[in-house]
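Please take a look at the model first, then follow the numbered points.

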Amino acid sequence: MDTVAASPKPNARFAVPGTNLTFRPRDEVVTFVNRQLEPYRGYHVFMRALPAILERRPQAQVVIVGGDGVSYGRRAPDGKTWKDIFLGEVRDRLDLSRVHFVGNIPKPDFIAMLQVSSCHVYLTYPFVLSWSLIEAMAAECLIVASGTPPVREVIEDGVTGRLFDFFDIAGLAEGVIETLADREQFAHLGRAARVFAVENYDLARVCLPRQVALIDDLAAGTTVNGPLQSSQSSVA
């Protein structure tokens with residue numbers, strides 16, 4: 001990952017597609033990202049927490065990135081979309097002028113959105129971790145995330161972000177509200193998150209050299225733990 005591109009930018013600007021709104025780092029912006037808006041990545045939990053967040057934080061704006069399809073789980077019933085199903089659950093309790101569904105956006109816009117984020121929410125079932133979380137960490141976002149196994153590989157509660165139980169909707173809402181209420185208090189989490197991302201996931205300085213070293217080891221018939229075994233014994 002390019003942690004130079006995904007980095008904090010004090011003068012960042014994010015123009016919300018289809019509106020005349022432009023957000024800056026000083027604005028109160030909650031961000032949420034899925035490849036597709038579906039339960040596997042916690043979209044339903046996030047939507048159910050939104051009414052309390054918007055009620056308690058009347059200046060907050062919410063930017064939701066993601067498509068209407070399905071990448072990992074099953075399709076929504078009856079030809080519907082998960083986006084509309086879970087939005088429908090809470091629509092009458094939301095100020096929709098402050099909730100912005102932007103679909104899938106170009107990468108530069110995505111990075112700009114992270115750079116203006118006041119609180120980034122990341123949720124997932126136990127599954128492969130999303131690159132978007134690492135990019136949010138590199139951008140020094142203040143992250144409130146589900147304490148599911150893949151997330152705990154990179155987010156340590158109170159160190160690089162804040163964790164809550166995946167199904168604890170009230171806990172998610174409270175975590176976001178507290179983070180928005182005192183960003184300075186939690187700023188060290190964003191700084192530590194960036195350090196972790198740079199030290200472990202930067203492509204040029206970390207990942208690519210490790211990949212090259214692995215290929216060299218394989219070519220030489222060795223690994224970091226010693227000689228490679230035969231293919232038969234390795235499978236066994």
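1. A word on names before we start: helices (H or I, at least four residues) and strands (E, at least two) are DSSP runs, numbered from the N terminus. This is a predicted model, in which local features need pLDDT of at least 70, side-chain atom pairs count only at pLDDT 80 or more, and totals for chains, interfaces and linings use all residues. Residues are numbered from 1 along each chain as its sequence is written, and side-chain values use heavy atoms, with hydrogens and water left out.

2. Start with the open sheet, whose six strands follow the order β5-β4-β3-β6-β7-β8 with parallel pairing; two strands pair if DSSP finds at least two bridges between them. At its edges are β5 (99-103) and β8 (162-164), each pairing on one side only. On average, neighbouring strands are turned by 20° against each other, direction ignored. Axes here are lines fitted to C-alpha atoms, for helices over the stretch in contact, and angles run from 0 to 180 degrees between N-to-C directions.

3. Within this sheet, β3 (residues 29-36) and β4 (residues 61-67) are joined in the parallel sense by six bridges. Which residue of β4 is the bridge partner of valine 30? That partner is valine 62.

4. Next, find helix α1 (residues 43-56), which lies across β3, β4, β5 and β6 (119-122). Its direction makes an angle of about 165° with β4. Contact means heavy atoms within 4.5 Å.

5. Two loop residues deserve a look for their backbone. Aspartate 78, in the loop between β4 and α2 (82-90), has a phi near 60°, and glutamate 140, in the loop between α4 and β7 (143-146), has a phi near 65°. Most residues other than glycine have a negative phi. Aspartate 78 counts as exposed because its relative accessibility is 70%, while glutamate 140 is partly exposed at 30%. The classes are buried, under 20% relative accessible area, exposed, over 50%, and partly exposed in between (1.4 Å probe, protein chains only).

6. Phenylalanine 127 sits in the loop between β6 and α4 (131-138). Why does it count as partly exposed? The reason is its relative accessible area of 31%.

7. Finally, visit glutamate 178 in helix α6 (residues 169-181). Leaving aside residues up to four places away in sequence, glutamate 178 touches Arg162 and Phe186. Its C-alpha atom is separated by 24 Å from that of glutamate 153, 25 residues apart along the chain.
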